[in-house]
2 protein chains.
Amino acid sequence: MQAEIITIGDEILIGQIVDTNSAFLGKEFNKIGVSIYQITSVQDDKNHILKALKEAEGNADIIIVTGGLGPTKDDITKHTICEYFNDVLVEDKAVLENVERIFSNHKSPLLTVNKHQALVPSKSKVLMNHNGTAPGMWLEKNGKVFVSLPGVPLEMKALITEQVIPKLRAQFSFPYIMHKTILTYGLGESALAERIEEWEDNLPSFIKLAYLPSLGRVRLRLSAKGTDQIIVGDEVQRQVNLLLPQIEDVFVGYEEDQSLEALIGRRLSEMGKTLAVAESCTGGLITQSFTANAGASAFFKGGLVPYATESKVKILGISEAIINEHSVVSKAVAEAMATNVRALFDSDYAISTTGNAGPSKGDSDAEVGTVWIAVATKDKVISEVFNFGKHRENVIGRATNKAFSMLQKEILKKK
Amino acid sequence: MQAEIITIGDEILIGQIVDTNSAFLGKEFNKIGVSIYQITSVQDDKNHILKALKEAEGNADIIIVTGGLGPTKDDITKHTICEYFNDVLVEDKAVLENVERIFSNHKSPLLTVNKHQALVPSKSKVLMNHNGTAPGMWLEKNGKVFVSLPGVPLEMKALITEQVIPKLRAQFSFPYIMHKTILTYGLGESALAERIEEWEDNLPSFIKLAYLPSLGRVRLRLSAKGTDQIIVGDEVQRQVNLLLPQIEDVFVGYEEDQSLEALIGRRLSEMGKTLAVAESCTGGLITQSFTANAGASAFFKGGLVPYATESKVKILGISEAIINEHSVVSKAVAEAMATNVRALFDSDYAISTTGNAGPSKGDSDAEVGTVWIAVATKDKVISEVFNFGKHRENVIGRATNKAFSMLQKEILKKK
């Protein structure tokens, strides 16, 4: 069984927003065994939407439409779906009450356009939106399911997990889809492919392998599909067991649903250990990545971004003599930053970065792309130097990923 | 003239990566007067790619294909394009030299699969990729242009701006497209729409209006298209001049190509003023947003994320008495954080945040979603309290946006 995603909105096509909804939908549908055939982003234009609906109906069994359900004139999805189903709009009492409740909570006056949010196609089942005024709508045609959802990510996500997925599972039985992603660091995509070629060639036909290189890491994704969850799971595990000895030197871990920083955070929390961060060239990205996850306060003591060299001296207590002798981008400064920020926040572990993210040289003679990363524990400090190229965004991203992987290695040693 | 984007890769459809390339392409093409008809994301599957190419050829004049050009077996775009054009692959000497140079720079052994990167369709013009091994390929058919590019964002972006756009401009003449986006804060989408309804109804037909609500802000986007740049530009400006008096109380500024934080950074740099940040609940996002932009060191002194309450006391010098009396999420603590971090980093301006991003309550009794934000200058400190709802990601994002807009207001006062 396949689904197709249609995202509606000129803001996607002119590049004003990045469509993050589709990735969420792809993940959630794969979890229940439904693969996404195609994602199509179309304009706020009636004929274009009608054409996309027709094509999707030909490709897939489940059609998920997001966007274009706002109260303003540029939002035309609801009227267009009504036309596609040859239907009329009727007022839904429960939706109207929901709209009234939201406006009364916000102490905002209820306008006529807001009341129109309660109009839904008469053939649709309403999916109540508890986070906004636009309801989700569920329609069926020739055994196919059409679901129209608001484009606001928070509202769409809640409707999918709380209502759409349970309703689909109740109505259909799905095969089992499994993805297992192996994180590697240190070997290029093609060298990795050559090394594991024989293993790859012998994969059973229901397991597909993909290489996903990104910012210094290569992720290997195994995707398997079958009717029997146990057979699929066992075979994937057997293949992983065959693979691991061949990539031991570059194996970092598995990517579950969680990012590497979330895995580190969970592990530190379980161990009852804490972390502090001092970042110069990464500018707060390491800190922000850890605190983005709920529960960060269990292990994350804090972060310092001493961007100006003077603040490295004043706040972090790096001696001016060390900076003058070695320059601000150096092993000595990186290690002093990690050691001192660990002491400052009284944490068990600390990470530091100092480098030049570019595009021009800063308070140091270091080449653009040069980054020193250090990890400190109570007993010791280790550090390494890298060159992450000449593009600022890449340097920041790759240094952050590398810092996570260096920290993870230190933590795993304590196992 | 219209373009269509086809992004290829199972990783997009299973939600393993978010497609950010399409937004970049949408922006760049709009700048030269080419609108994007549709974005289609398809699987690493020959028949699916062939079908998408055929449909795109029917919809658009320029077809941009990204992804699937890697050296591994899951990458099939090149062979499929070859089939679509009824063509054969031939080795390109210049591409082979580029591949050899890259591998020699990385001191990696050159494998046969890497050499295959130099195979291109015989009918294609090569677009040399200076950042990677997979070349871009330019093909033409019945007056339509097909461009195949690697999916790695850095490589794709350089090829687009340095080669594809100049080549298109040399070959075609495009109409003029203009977008002007007005940032507002403080009024809901529908209330705003009602207030400016008369103005909206009187817009000329070549100007479209869209409402883009996001994390507390509503952006109003005017899109205009025409053959004469001066006529289009004048009319958009005339409409903006008519609109502004009606939205004076909620007008924040214009969104050019730059984000609000980039505008603030530019303005601070021009004024020769500096900034420091102390963030608790926003966890480094404010700091990271400023340092992500090149040139941040001209105005950004540094950031502190005193996540644990004890570090607010120890590093930022907030008195325990204040915390005990008012709690850590309070006006008094927010103002002391802003005042003290400004002094600590010796900056002209400072922002602070303290709140509870959820999902559970932290070191404070404050409701989930409560955030105090303060802005300090040398003479004074102001603060406000907000409730940004119960979803962690939203609370962090909305608090960050609100902090930017409070800081901007303070900076504009100094005009």
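This is a predicted model: local features need pLDDT of at least 70, side-chain atom pairs count only at pLDDT 80 or more; totals for chains, interfaces and linings use all residues.
**View 1. Two copies and a two-fold axis.** Turn chain A by 180°, shift it 0.0 Å along the axis, and it lies on chain B with an RMSD of 0.0 Å. The two copies are thus related as by a two-fold rotation axis. The superposition is by least squares on the C-alpha atoms of residues with pLDDT of at least 70 in both copies. Of the interface residues of chain A, 100% are also interface residues in chain B, so the copies meet through the same surface. Contact here means that the C-beta atoms of two residues, placed from the backbone, lie within 7 Å.

**View 2. Chain A as a whole.** There are 16 helices and 17 strands in chain A; these are DSSP runs numbered from the N terminus, with helices being H or I of at least four residues and strands E of at least two. The C-alpha atoms of the chain fill a box of roughly 75 × 60 × 40 Å, taken along the principal axes. Chain A has 415 residues, and 50% of them are buried. Buried means 20 or more other C-beta atoms within 10 Å of the residue's own, exposed means 12 or fewer, and partly exposed is in between, with C-beta atoms placed from the backbone. Among contacts in chain A with a separation of 6 or more, 66% come from residues 24 or more positions apart.

View 3. Chain A splits into domain 1 (2-171), domain 2 (176-255) and domain 3 (260-413), with bounds from an automatic or database domain assignment. The centres of domain 2 and domain 3 of chain A, taken over C-alpha atoms, are 31 Å apart. Their contact takes 7 residues from domain 2 and 9 residues from domain 3. On the domain 2 side, β9 (176-185) and β12 (251-255) of chain A each supply at least two residues. By class, that side has 4 nonpolar, 2 polar and 1 charged residues. Nonpolar covers Ala, Val, Leu, Ile, Met, Phe, Trp, Tyr, Cys and Pro; charged covers Asp, Glu, Lys and Arg; the others, Gly among them, are polar.

**View 4. A bent helix, α7 of chain B.** Helix α7 (residues 153-171) of chain B has 19 residues, which at 1.5 Å a residue should span 27 Å; its end C-alpha atoms are 25 Å apart, which agrees. The expected span is 1.5 Å times one less than the number of residues. At B:I160, α7(B) bends by about 45°, the bend being the angle between axes fitted to the seven residues ending there and the seven starting there. B:I160 is also one of the buried residues of α7(B), along with B:E155, B:M156, B:L159, B:Q163, B:V164 and B:L168. Their cover includes α2 (21-31), β3 (62-66), β6 (125-127), β7 (136-141) and β8 (144-149) of chain B.

**View 5. B:Q38, with partners from both chains.** Look for B:Q38 in strand β2 (residues 35-42) of chain B. B:Q38 is buried, with 21 other C-beta atoms within 10 Å. Leaving aside neighbours within four places in sequence, B:Q38 contacts A:T40, A:S41 and A:V42, plus B:E4 and B:N59. B:E4 is 34 residues away from B:Q38 in sequence, yet 5.2 Å away in space, C-alpha to C-alpha.

View 6. The peptide bond from B:G358 to B:P359 is cis, with omega near 5°. In chain A, the bond from A:G358 to A:P359 is likewise cis, with omega near 5°. B:N142, in the loop between β7 and β8 of chain B, has a positive phi of about 50° although it is not a glycine. B:N142 counts as exposed, with 6 C-beta neighbours inside 10 Å. B:S327, also not a glycine, has a positive phi of about 80° and lies in the loop between α14 (320-326) and α15 (331-345) of chain B.

Definitions and conventions:
Residues are numbered from 1 along each chain as its sequence is written. Chains are lettered from A and ligands numbered from 1 in the order in which they are written.
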